[in-house]
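Let's take a walk through this protein together, one piece at a time. Keep the sequence and the 3D view open while you read.

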Amino acid sequence: VCDGALPHYRNKVLGVVGGGDTAMEEASYLTKFASEVLIIHRRDSFRASKVMADRVLSHPKIRVLWNTEVEEVLGDSEITGVKLRDSKSGEKSTLDLGGLFLAIGHTPNTGFLKGQVELTESGYIKVCSWRTETTVEGVYAAGDVIDEYYRQAITSAGTGCMAALEAERRLAHHGVGESPVLETAFAPFDSIASPEEVSTDAAASSTATSTESSGDASVNALVGNRTSSADGVQAKKKHSE
């Protein structure tokens, strides 16, 4: 739906198919650019939460077509409209649209992985926090199949880069390839300073530099924070050894 911000869709009537929270969110977003947003829903009530539904129903630029299904999308190089069917009466009609966005939910295509790697309750691949390593050593995952929250092209591309780097560094640790072997590449999570520890170091560093001039204090605090965090990692590393 982020494509709705493109000039092509500006000041046009746009359609959103769906009735859940995703459809409500996307319809609300598109009102920033469209002249009108039509929600096409096959039932006579939304599945979305009351808060999200009320927000949409009260918006002056959003209109709902209840009990309506899309039978055909019209247009060649671009969408010009849709053919609709009333889900109760069966009556058919044509609606002119400048764009159509499907918001009918997401089902990750991970069924073939069941029993191979651990999945979440929603079917997404479970990975380490801020990493792409799965529950199987040496297996990495990327894209929307690991992302239940953002599900954007740019974030998917980012995890693709992350997975490639992790795989490359794993090979380097096993003597394959020319990727540099980084000391932190496979460091256990418990050997890395936690956010709480970093915050404590930052507070101590800021106190230590409070008597300096305002300009120097800011610089010293930043340098002190970085040094304290690094020292914390080295201390933990030595302790673990």
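Start with Asn67, which sits in the loop between β3 (62-65) and β4 (68-74). Asn67 has a positive phi of about 50 degrees, although it is not a glycine. Most residues other than glycine have a negative phi. Asn67 counts as buried, at 14% relative accessibility. Buried means under 20% relative accessible area, exposed means over 50%, and partly exposed lies in between (1.4 Å probe, protein chains only).

Now go to Asn11, in the segment before β1 (13-17). Asn11 isn't a glycine either, yet its phi is positive, at about 55 degrees. Is Asn11 buried or exposed? It counts as exposed, with 65% relative accessibility.

## Where this model comes from

What you see is a predicted model, in which local features need pLDDT of at least 70 and side-chain atom pairs count only at pLDDT 80 or more, while totals for chains, interfaces and linings use all residues. Residues are numbered from 1 along each chain as its sequence is written, and side-chain values use heavy atoms, with hydrogens and water left out.

## The whole protein

Zoom out, and you can find five helices and seven strands. Along the sequence they follow the pattern β-α-β-α-β-β-β-β-β-α-α-α. The protein has 241 residues, and 32% of them count as buried.

The accessible surface comes to about 15200 Å², and 53% of that belongs to carbon and sulfur atoms. These areas come from the Shrake-Rupley method with a 1.4 Å probe; for residues, only the protein chains shown count as cover. Among contacts with a separation of 6 or more, 45% are between residues 24 or more positions apart. A contact means heavy atoms within 4.5 Å.

## The open sheet

Which strands form the open sheet? There are four, in the order β3-β2-β1-β7, and their pairing is parallel. β3 and β7 (99-102) stand at the edges with a single partner strand each, so one side of each has no neighbour in the sheet. On average, neighbouring strands of this sheet are turned by 25 degrees against each other, direction ignored.

Two strands pair if DSSP finds at least two bridges between them. β1 and β2 (residues 36-40) pair in the parallel sense over five bridges. One to look for is Val13, whose bridge partner in β2 is Glu36.

## Helices α1 and α2

Helix α1 (residues 21-30) packs with helix α2 (residues 50-57) at an angle of about 35 degrees, and their axes are 9 Å apart. Axes are lines fitted to C-alpha atoms, for helices over the stretch in contact, and angles run from 0 to 180 degrees between N-to-C directions. The contact is made by Asp21, Met24, Glu25 and Ser28 of α1 and by Met52, Ala53, Arg55 and Val56 of α2.

Which residues of α1 are buried? They are Ala23, Met24, Glu26, Ala27 and Leu30. Their cover includes β1, β2, α2, β3 and β7.

## Helix α3

Helix α3 (residues 153-173) has 21 residues and reaches 31 Å from its first C-alpha to its last, close to the expected 30 Å. The expected span is 1.5 Å times one less than the number of residues. Buried residues in α3 include Ser156, Ala163 and Arg170. After α3 comes Gly175, with a positive phi near 80 degrees.

Conventions. Helices (H or I, at least four residues) and strands (E, at least two) are DSSP runs, numbered from the N terminus.
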